[in-house]
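Please consult the sequence and the model while reading.

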Amino acid sequence: MLRILRNTVFGLAIISGLFSASPPASAADYPNRPVHWLIGFAAGGPVDIVARIMAQWLSDRLGQQFIVENRTGSGGNIAAAAAINSPADGYTLLFVAPNNAISTSLYKKLPFDFLRDTVPVASIMQLTNMLVVSNAFPAKTVQEFIDYCKANPGKVSFASSGNGTSVHMSAELFKVMTKCDMVHVPYRGSAIAFPDIISNKVQLIFDNLPSALEQAKGGNVRALGVTSPQRWPSVPDVPAIAETVPGFESVGFYGISAPKGTPSEVIEILNKAVGEALKDPKLIARLTEVGGIPKPMSPAEFGKLVTDETEKWKKVVEFAGVSVD
């Protein structure tokens, strides 16, 4: 996988070199053509859902289409590499989530440094993950789940949206804190994983709330707990896992970054537009429906959040003892 990633990055570097002589973007008329927003996971998943909600709002407000592009693979690193090696003109953006903070320490041979090679643009929202299991799985509570795992070591498998995602690392943290022996089955996005969970081929996932909640509301899976330290406002009837496993916590974030060198004027335009979006009652209602809490921030504030999250997840990676070469 990393060989493919490195080859992809090499090819993108050649392409980006062709644009190196291009004049810098003018903030006066930005955007004057479509903007491509790269996301690292499959269509229909939680990142994709939120990206398309926000992209439509930005398209309507700024008068140019914001095109969501799914570049799946390597826990979101394919998309990150593509964005980093694109012209720094504001016309290629990256959807940022905990996977970008986690990958910095989990992946040992990444061909880029996320904090060095990107600039923060805007925060969109905060969200929790939710532990959901197949309806065929016998456990009805978190404690019953733990008891079952301990009675059946190595026989329970969990899906993730890829190595290095918060979906993956939430489960790894749970494994360490509960001494549950579970097998990891990575996918290129949670939307792809759910058919196997529903059919009980894989028993569970600690998915981002937007898609987990949709599947649970539809009766396709059973919700056991959320990964936030307390119950999440939009799903107050679902207990926090921390009620059973004290100290357990995995709260995520969604936002936007751009290639290093993107003009500050362009970043300010985008940050202002996202801030306006997060004041729109209709958009707030849509984000609330999928379980998100809007979190507008300045570029500097969002940059600090990503830096802090990178350090936090580094400790979790070390604590869980996992890595990807």
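Q: About how many helical turns separate D48 and R52 in helix α2?
A: Helix α2 covers residues 46-62; helices here are DSSP runs of H or I with at least four residues, strands are runs of E with at least two, and both are numbered from the N terminus. D48 and R52 are four residues apart in this helix, so the separation is about one helical turn.

Q: What kind of model is this, and what is its mean pLDDT?
A: This is a predicted model, in which local features need pLDDT of at least 70 and side-chain atom pairs count only at pLDDT 80 or more, while totals for chains, interfaces and linings use all residues. Residues are numbered from 1 along each chain as its sequence is written, and side-chain values use heavy atoms, with hydrogens and water left out. The pLDDT is the predictor's confidence in each residue, from 0 to 100. In this protein 92% of the residues reach 70 or more, and the mean pLDDT is 92.

Q: How many contacts beyond near neighbours in sequence does the model have for residues 1-6?
A: A contact means heavy atoms within 4.5 Å. Over residues 1-6 the pLDDT is below 50. Beyond near neighbours in sequence, the number of contacts of this stretch in the model is 13.

Q: How far apart are the closest N and O atoms in the salt bridge of D48 with R52?
A: A salt bridge is a side-chain nitrogen of Lys or Arg within 4 Å of a carboxyl oxygen of Asp or Glu, and a search of the whole structure finds nine of them. D48 forms one with R52, and the closest N and O atoms are separated by 2.8 Å.

Q: Is D48 buried or exposed?
A: Relative accessible area decides the class: buried means under 20%, exposed over 50%, and partly exposed in between, with a 1.4 Å probe and protein chains only. R52 has 39% relative accessibility and therefore counts as partly exposed. D48, at 5% relative accessibility, counts as buried.

Q: Which residue forms a salt bridge with K304, and how does K304 count by accessibility?
A: K304 and D308 are four residues apart in helix α12 (residues 299-320), so about one helical turn separates them. Their side chains meet in a salt bridge of 2.7 Å, N to O. D308 counts as partly exposed at 39% relative accessibility. The partner of K304 is thus D308, and K304, at 53% relative accessibility, counts as exposed.

Q: Which residues are in contact with I84, leaving aside its neighbours within four places in sequence?
A: I84 lies in helix α3 (residues 77-84) and is buried, with a relative accessible area of 15%. One of its contacts, D117, is buried at 14% and forms a salt bridge with R116. With the sequence neighbours left aside, the contacts of I84 are F112, D117, T118 and P259.

Q: What is the angle between the planes of Y30 and Y91?
A: Rings of Phe, Tyr and Trp (its six-membered ring) pair if their centres lie within 6.5 Å; planes under 30 degrees apart count as stacked, over 60 as edge-to-face and the rest as tilted. The whole structure holds ten aromatic pairs. Y30 and Y91 form an edge-to-face pair, 5.1 Å centre to centre, with an angle between the planes of 65 degrees.

Q: How many residues apart are Y30 and Y91?
A: Y30 lies in the loop between α1 (2-18) and β1 (35-39), and Y91 in the loop between α3 and β3 (92-96). Y30 is buried at 7%, and Y91 is buried at 6%. The pair links distant parts of the chain, and its separation in residues is 61.

Q: Why is the pair of F206 and F248 tilted?
A: F206 lies in strand β7 (residues 204-208) and F248 in the loop between β8 (221-226) and β9 (251-259), so the pair ties together parts 42 residues apart in sequence. Both residues are buried. Their ring centres are 6.5 Å apart and their planes are at 45 degrees, so the pair is tilted.

Q: Which residue in β8 is the bridge partner of V132?
A: Two strands pair if DSSP finds at least two bridges between them. Five bridges join strand β4 (residues 118-134) to β8, and the two run antiparallel. In β8, five of the six residues are buried. The partner of V132 there is A223.
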